[in-house]
Each structure stands twice: as C-alpha cells, then as structure tokens.
Amino acid sequence: MSHISTDNSQQFASDNYSGICPEAWAAMQEANHGHATPYGDDPWTARASNLFRDLFETDCEVFFAFNGTAANSMSLASLCQSYHSVICAQTAHVETDECGAPEFFSNGSKLLTAQTIDGKMTPEAIRTLATSRQDIHFPRPKAVTITQSTETGRVYTLDQLKAISETTRELKMHLHMDGARFANAIAHVGCTPAEMTWKSGVEVLCFGGTKNGMAVGEAILFFNRALAEDFDYRCKQAGQLASKMRYLSSPWVGMLESGAWKRNGEHANTMAKRLHAAIADVANASIMFDVEANAVFLLASEPHLQQLRDRGWRFYTFIGGGARFMFAWDTDPARVDQLAADIRAIMS
Ligand SMILES: *Cc1c(COP(=O)(O)O)cnc(C)c1O
C-alpha cells in the first residue's frame, strides 16, 4: 500500500481530507454520557432536528444519514417512481461519483444529464431535457437535482434558483438540492438558509456535515413534508438508520448552536480566494471557474501538473483536466501560501 502517505501535512485534493472541528467533537463528547434511547428517539436527535427547523425558519422534516451518496439517493428515490427520470448536470456528483446509487435506491429512475459550461443547470437546459420526449417509451422526468455549491465551486444566485424552481414547478417536477457544500454557498451569497432553499422553491435539501467539519453525516430536510412520507422506513431499509443515533445527530447540535457550520464555510471560501489571489498573474496557469465557494480549478500543462505532484501536492483532475484544490474549515493559510509559491515557481 505504498500510496498511503504517513505525512500528515495538509493536502487540498478534497475538503474531506480534514478532520473534525472542535465544536462537532465537543458535542459528540458531551453526548457520550450515560444511556439514551436508540434509533433517533433521544434528546440529541430531537434537539438537532429543532435547531434545523429554527435555522431554516420552517417546520421541515429532518432525517440523518451517514453520507452524501445515501442522502442524495434516498431523497431522490422518494421523489420518483422507478419509471421516472431525474435531470442533473453532467458533472453532478449523483452522476459521476455515486456508483449508480441514485438509480439503485430508486429501483431504476434514470438520470438525464445536461451539458453545462460550469456545472450550473439552467431553466433552458432543464426544459429541453424534460420536453425532448413525451412518449410512453421514455422515463418521465419527475425531479431536478442541483448542487449548491456546484462541483466546480460555483454558486447559484437566488434569482437563478427561483428561475429553476419556476421551471420545474411548471413542468410538474420536484426540486432537490445536493448541499454537500451548502455552508460554502451560504457563506458566498450571504442570504439566509431559508432564502436559499424553500423560499426559492427547493423542496428537499441534503445538507452536508462531513465536508463542513463533522466526522460523518448529512442531514436530509424535507420542506415539502408530504414528500417525506415513509422516509423513515426507506432509511431503515437502506441501512441508514443509526441505532446509536445520538452520535450522528449531536455533532449537528454543536455545529448549529455555535454557528461553526457557517464560520467553517466562510473560512474555506476565504482560503480559496487566498490561493486564487496569490496565483492570478502566473503566466502558465489559468483559473477554470470563477472562485465563489471553496474550490480553485487550475488549468496548466500536464508536465507542469506533474512537477506540482513531484513536489508532494495531491489533487484530482477529473473535472475538465484541471487541478482541483478544495479548502476546508481547518485550512492553514501558510500551507495555502506554500502551494501558491510552488505553483508560481513551476508555472511562471
Ligand atoms: C462529497 C459530495 C457528496 C457526498 O459524498 P459521500 O462521499 O457519499 O459522502 C455529495 N455531493 C457532492 C457534490 C459532493 O462533493
């Protein structure tokens, strides 16, 4: 297993290279006293659910899952029958990184992918896909899923969200948001969580905890409560009902009560802007997507990227061939400056 490094200096290949933030850790530790009723009938889970309802200013249905793949797949399955289809961007995590789980959990709801410039869906792209076929031989489009912030580090504006939700409503489809990096999107736009979701027509949100600074866990919020019918059974069947649920829900209490969820998103975004500012004028490197959330995508020649790897930096190039750098709640500015200096040394 020679590829497993024992060097624990910060790497920015993904925001899930980071550990657990102090607020989440402290809450888990506090939850680790005495006994509690299992399967979610415990005070921590009730408290976390109510904190979500307060934060989103609405009486939403709240569920907890282990990871984003499960959260996305189960929630999309609850919006569709097996003969329906789900519209998403070609770069969407549900399409590229979930091993067919959305289709598997829905017993076959097909994903219909739209080409996009930067990972952002548009009402036009949705309409084109949704109306391209209306005959019995094609799975009927029933849901749209958008990622906020996107896999390319872009963020939908509230106007863009509203235009998308108007289109989906008109086409009699449901709107789902993959918020694996919801906190980064909120930090960028500066609006309330309610404004970015149900007030803009989003019916279901998967709110990412892992990349935001928790050990594990995503919350699934149904603003359209009718869509959550029997969702508890779906979670159990999918192997997503934690018996010691307090360890999945208590870190959320720590994150939401302290405001760490938002501070963490802000810090990660600031670190992305720091890298961008430090390398904006480097001659042989260009930025692929506007830096809005916590990602920087660097387009450079393969020999240059290889030199960056040779200096010990790890990164993925699966989106458009560029080097992706993702920042997290704990990113050390000095380490970002080291990366910037290496990019400059190689690519000037
Ligand atoms: C990380 C991520 C997820 C969740 O991935 P898991 O590995 O299943 O937790 C979902 N959507 C997006 C856009 C992601 O980046």
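A search of the whole structure, which is a predicted model, finds 2 cavities of 30 Å³ or more; on a 1 Å grid over the protein atoms alone, a cavity is a set of points where a 1.4 Å probe fits but cannot get out. Residues are numbered from 1 along each chain as its sequence is written, and side-chain values use heavy atoms, with hydrogens and water left out. Local features need pLDDT of at least 70 and side-chain atom pairs count only at pLDDT 80 or more, whereas totals for chains, interfaces and linings use all residues.

**First stop: the largest cavity**

Select Asp15, Asn184, Lys211, Asn212, Asn264, Gly265, Ala268, Asn294, Phe327, Ala328 and Trp329, which line the largest cavity, lining residues being those with an atom within 4 Å of a point. About 40 Å³ of space lies inside the largest cavity, a volume being the space filled by probe spheres set on the grid points, which are joined across faces, edges and corners. Helix α12 (residues 260-279) gives the most to this lining, with 3 residues; helices are DSSP runs (H or I, at least four residues), numbered from the N terminus. By class, the lining of the largest cavity has 4 nonpolar, 5 polar and 2 charged residues, where Ala, Val, Leu, Ile, Met, Phe, Trp, Tyr, Cys and Pro count as nonpolar, Asp, Glu, Lys and Arg as charged, and the others, Gly among them, as polar.

**Second stop: the largest pocket**

Next select Asn16, His93, Ala180, Arg181 and Lys211, the closest to the centre of the largest pocket among the 23 residues that line it; a pocket is an open set of points with protein on both sides within 12 Å along at least five of seven lines. The largest pocket holds about 500 Å³ of space, and the largest share of its lining, 3 residues, comes from helix α3 (residues 68-79). Its lining divides into 5 nonpolar, 10 polar and 8 charged residues.

Finally, display helix α1 (residues 22-31) and helix α11 (residues 246-258), whose axes come within 7 Å and cross at roughly 130°; axes are lines fitted to C-alpha atoms, for helices over the stretch in contact, and angles run from 0 to 180 degrees between N-to-C directions. The contact (heavy atoms within 4.5 Å) is made by Glu23, Ala24, Ala27, Met28 and Ala31 of α1 and by Arg246, Tyr247, Ser250, Pro251, Gly254, Met255 and Ser258 of α11. By class, this contact of α1 with α11 has 7 nonpolar, 3 polar and 2 charged residues.

Methods. Helix = DSSP H or I, 4+ residues; strand = E, 2+ residues; numbered from the N terminus.
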